[in-house]
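Subject: Structure handover

Hello,

Please find the structure below, with my notes after it. Have a look at the model first, then read on.

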Amino acid sequence: MPAPVDWAGAFGDATVAAAMLDRLLHKAAVVGIDGPSYRMRSHQSHAETLRKGVNSRVS
(Lines give C-alpha, C1' and ligand atoms only; values in the text may rest on other atoms or scores of the structure.)
Protein backbone atom coordinates (compact mmCIF):
# COMPACT_ATOMS: atom_id res chain seq x y z
CA MET A 1 0.00 0.00 0.00
CA PRO A 2 1.44 3.41 -0.94
CA ALA A 3 2.24 5.87 1.82
CA PRO A 4 -0.23 8.70 2.38
CA VAL A 5 0.66 12.04 0.81
CA ASP A 6 2.40 14.49 3.12
CA TRP A 7 0.71 17.69 1.93
CA ALA A 8 2.69 19.93 4.28
CA GLY A 9 5.93 18.48 2.91
CA ALA A 10 4.70 18.80 -0.67
CA PHE A 11 3.85 22.50 -0.29
CA GLY A 12 6.55 23.36 2.23
CA ASP A 13 4.19 24.65 4.92
CA ALA A 14 1.31 23.03 6.81
CA THR A 15 -0.73 26.26 6.88
CA VAL A 16 -0.45 26.77 3.13
CA ALA A 17 -1.31 23.12 2.48
CA ALA A 18 -4.36 23.30 4.76
CA ALA A 19 -5.59 26.51 3.09
CA MET A 20 -5.18 25.10 -0.42
CA LEU A 21 -6.91 21.83 0.42
CA ASP A 22 -9.70 23.69 2.22
CA ARG A 23 -10.42 25.73 -0.92
CA LEU A 24 -10.19 22.72 -3.23
CA LEU A 25 -12.43 20.53 -1.10
CA HIS A 26 -14.93 23.18 -0.01
CA LYS A 27 -17.89 21.71 -1.91
CA ALA A 28 -16.34 18.38 -2.84
CA ALA A 29 -17.48 14.94 -1.80
CA VAL A 30 -14.43 13.06 -0.52
CA VAL A 31 -14.61 9.32 -1.02
CA GLY A 32 -12.13 7.00 0.65
CA ILE A 33 -11.37 3.93 -1.43
CA ASP A 34 -9.87 0.80 0.09
CA GLY A 35 -8.43 -2.04 -1.92
CA PRO A 36 -5.79 -2.60 -4.56
CA SER A 37 -4.91 0.27 -6.89
CA TYR A 38 -5.61 -0.34 -10.57
CA ARG A 39 -2.94 2.19 -11.60
CA MET A 40 -0.27 0.62 -9.38
CA ARG A 41 -0.89 -2.95 -10.60
CA SER A 42 1.85 -2.91 -13.25
CA HIS A 43 4.39 -1.24 -10.94
CA GLN A 44 3.68 -3.66 -8.09
CA SER A 45 4.02 -6.65 -10.42
CA HIS A 46 7.38 -5.39 -11.70
CA ALA A 47 8.61 -4.67 -8.16
CA GLU A 48 7.64 -8.18 -7.03
CA THR A 49 9.54 -9.71 -9.97
CA LEU A 50 12.63 -7.68 -9.04
CA ARG A 51 12.30 -8.69 -5.37
CA LYS A 52 12.15 -12.36 -6.29
CA GLY A 53 15.25 -12.01 -8.47
CA VAL A 54 17.24 -10.26 -5.75
CA ASN A 55 16.14 -12.73 -3.06
CA SER A 56 17.12 -15.72 -5.23
CA ARG A 57 20.65 -14.29 -5.66
CA VAL A 58 21.05 -13.58 -1.94
CA SER A 59 19.91 -17.03 -0.80
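This is a predicted model: local features need pLDDT of at least 70, side-chain atom pairs count only at pLDDT 80 or more; totals for chains, interfaces and linings use all residues.

As background, side chains of opposite charge can pair when their charged atoms come close. Where do Arg51 and Glu48 sit in relation to each other? Both belong to helix H3, which covers residues 41–58, and they are three residues apart, so about one helical turn separates them. Arg51 has a relative accessibility of 43% and therefore counts as partly exposed. Glu48 is also partly exposed, at 35%.

Now the chain as a whole. It has three helices and zero strands, and from the N terminus on the order is α-α-α. How much of the chain is buried? Of its 59 residues, 3% are buried, where buried means under 20% relative accessible area. The chain exposes about 5,700 Å², and carbon and sulfur atoms supply 60% of that area.

Part of the surface is a nonpolar patch made of Val5, Trp7, Phe11, Val16 and Met20. Together these residues have about 430 Å² of accessible area. Helix H1 (7–11) and helix H2 (14–24) are the elements that give two or more residues to the patch.

Two members of the patch, Trp7 and Phe11, deserve a separate paragraph. How many aromatic pairs are there? The count comes to one. In general, a pair of aromatic rings is described by the distance of the centres and the angle of the planes. For Trp7 and Phe11, the ring centres are 6.0 Å apart and the planes stand at 15°, so the pair is stacked. The cut-off behind that word is an angle under 30 degrees. Trp7 and Phe11 both lie in helix H1, four residues apart, about one turn of the helix. Are these two residues buried, partly exposed or exposed? Trp7 has a relative accessibility of 39%, so it counts as partly exposed. Phe11, at 36%, is partly exposed as well.

Regards

Definitions and conventions: Residues are numbered from 1 along each chain as its sequence is written. Side-chain values use heavy atoms; hydrogens and water are left out. Buried means under 20% relative accessible area, exposed over 50%, partly exposed in between (1.4 Å probe, protein chains only). Accessible areas come from the Shrake-Rupley method with a 1.4 Å probe; for residues, only the protein chains shown count as cover. Patches are made of residues with over 30% relative accessible area and no salt bridge: like charges are joined within 9 Å, nonpolar side chains (Val, Leu, Ile, Met, Phe, Trp, Tyr) within 5 Å. A salt bridge is a side-chain nitrogen of Lys or Arg within 4 Å of a carboxyl oxygen of Asp or Glu. Rings of Phe, Tyr and Trp (its six-membered ring) pair if their centres lie within 6.5 Å; planes under 30 degrees apart count as stacked, over 60 as edge-to-face and the rest as tilted.
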